[in-house]
Amino acid sequence: MKIGNVEVKVSILSIGVFVFFTFFLIVASVYSPDVRSNLIWMIPVLFMLLVIPVALNYMSRSQYAELEPEYERQAKTVRIKLINENMIGKIVRIEGVVERVHFQFLNRPQYSVADRSGAISVKMFTSPDENIKVNDLVVVLGQVIRRYIATGDPVVNCVSIRKKSADSTTDE
Amino acid sequence: MTRIKTTIQSDRKKQRYLELAIPIFSFGVTLIGVLVWMMGFEINFQFFAFGCVISSCILAYLAWIRPKKDIVALSTPIYAFIFFVVPTDYVSGLTLQILYAVSITLLLLRLKYRFGSAHTEVSLRKELASPLKIYIEKASGSFAGISPDTAHDAAVVFVQFAHGEYREAARRAVAAVIGQVDDVGEVATLVRAFSIVKEHSLLIDKSLPRPLTYEVFRPEEYGLLAKPQLLALDDDHEFFIALDNALLLLFSVAWTNSEADRPHLLACQAFVLKLLNA
């Protein structure tokens with residue numbers, strides 16, 4: 001679904017919650033007259049279960065889209081091995097292969113990206129523009145943060161993750 | 001070396017006691033509660049949950065001091081509070097406490113086997129880790145005559161590089177190289193290390209790829225390097241091994257000849273170990 005220039009993606013979890021409560025409401029309204037009398041506000045609330053995740057996703061994705069050019073300007077291309085806890089707050093660009101993907105169903109994907117020097121976790125707090133899968137060659141743009149805000153190993157808070165095309169690989 | 005071993009051994013001993021304290025406190029205090037009740041003193045059984053609460057705090061501490069954090073173990077004190085803040089009767093309180101004690105003992109085992117040893121984190125900020133110390137001891141003899149100013153330059157370049165301040169690292173490396181008039185022997189190797197770090201810093205700062213020609217150490221200098229340059233698999237590998245060796249050399253020179261910079265160097269030790277072990 002596209003709102004303005006922003007491609008909005010609803011997570012499977014949000015759709016699952018919506019479907020579950022829709023089914024629950026239908027069953028309840030069949031058996032209970034009390035529920036039927038309250039459908040006038042229950043149906044809008046039910047739709048809010050979809051509208052709120054859509055709105056949140058739109059806001060986060062539009063904000064990430066605004067940040068991307070600035071990150072693109074500031075980022076330094078580094079090998080993964082060079083990322084360390086002293087670089088917290090630095091904006092980096094890394095290139096590597098996706099080894100693992102987690103939490104895509106929550107629209108908060110977490111990737112493990114590796115290059116020849118090592119591997120690092122890449123966290124994204126919204127859905128990416130492209131569907132990233134294991135073994136994809138990607139370019140990640142993001143900020144070095146700690147895994148648990150104040151503590152933990154350095155990870156990349158990703159603003160953009162894009163597949164590196166075969167053309168650009170051969171160009172180099 | 002003996003001091004490091006003693007520190008690590010004492011840290012390990014302390015952790016072993018803390019690990020033992022978790023099941024002892026959690027099961028022990030509940031057992032005391034059962035005995036007290038069997039003797040006829042019907043004290044509120046909720047009070048005997050303090051063993052579980054203390055054990056949770058110890059578990060959270062053990063999780064905190066590990067380099068790799070376990071969020072589940074870290075949050076156990078919050079769960080202990082939630083579970084035990086509500087008054088309960090004898091049977092439900094006993095059941096809850098036993099289940100909780102079993103759970104945190106399992107979490108302790110999970111922490112031990114899945115989240116590694118803690119002593120590295122404890123000692124990293126205090127002392128050099130063994131592999132690094134061995135390399136520095138090996139290189140220190142050759143670089144003992146380096147002036148404190150040059151060693152300070154090496155420390156600054158290294159720390160700025162570790163912090164991702166690549167332009168500043170390159171600038172400082174250029175200044176350090178200009179200051180060197182003697183370009184033979186170990187000084188030449190050090191100058192080359194500065195040049196390699198400068199070259200890489202400028203490339204990273206401008207996000208440029210590896211150039212066709214680049215600076216590397218000479219074969220006669222290989223004896224002073226931490227990682228064998230000869231093992232390079234291809235040009236890329238050779239290029240990056242040269243950077244690792246140059247950074248490790250600067251760290252070693254700075255550590256040996258500029259004691260005032262050691263706290264800053266220790267703060268970057270995890271990064272140096274990564275360079276050394278990769």
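Close-up 1. Beyond neighbours within four places in sequence, B:Asp70 touches B:Ala63, B:Arg110, B:Leu111 and B:Phe115 (contact: heavy atoms within 4.5 Å).

**Close-up 2. Packing of α8(B) against α11(B).** The axes of α8 (residues 148-162) and α11 (residues 235-257) of chain B are 8 Å apart, at an angle of about 135 degrees; axes are lines fitted to C-alpha atoms over the stretch in contact, and angles run from 0 to 180 degrees between N-to-C directions. α8(B) is therefore oblique to α11(B) (under 35 degrees is roughly parallel, over 145 roughly antiparallel, 65 to 115 roughly perpendicular, the rest oblique). Residues of α8(B) in the contact include B:Ala151, B:Phe158 and B:Phe161, and those of α11(B) include B:Leu247, B:Phe251 and B:Asn257.

**Close-up 3. Two buried cysteines, A:Cys158 and B:Cys268.** A:Cys158 has a relative accessible area of 0%, and B:Cys268 has a relative accessibility of 0%. Over all chains, the search finds 0 disulfides (pairs of cysteine sulfur atoms within 2.5 Å).

**Notes.** Residues are numbered from 1 along each chain as its sequence is written, and chains are lettered from A and ligands numbered from 1 in the order in which they are written. In this predicted model local features need pLDDT of at least 70 and side-chain atom pairs pLDDT 80 or more, while totals for chains, interfaces and linings use all residues; side-chain values use heavy atoms, leaving out hydrogens and water.

How values were computed:
Helix = DSSP H or I, 4+ residues; strand = E, 2+ residues; numbered from the N terminus. Buried < 20%, exposed > 50% of the residue type's maximum accessible area, 1.4 Å probe, protein only.
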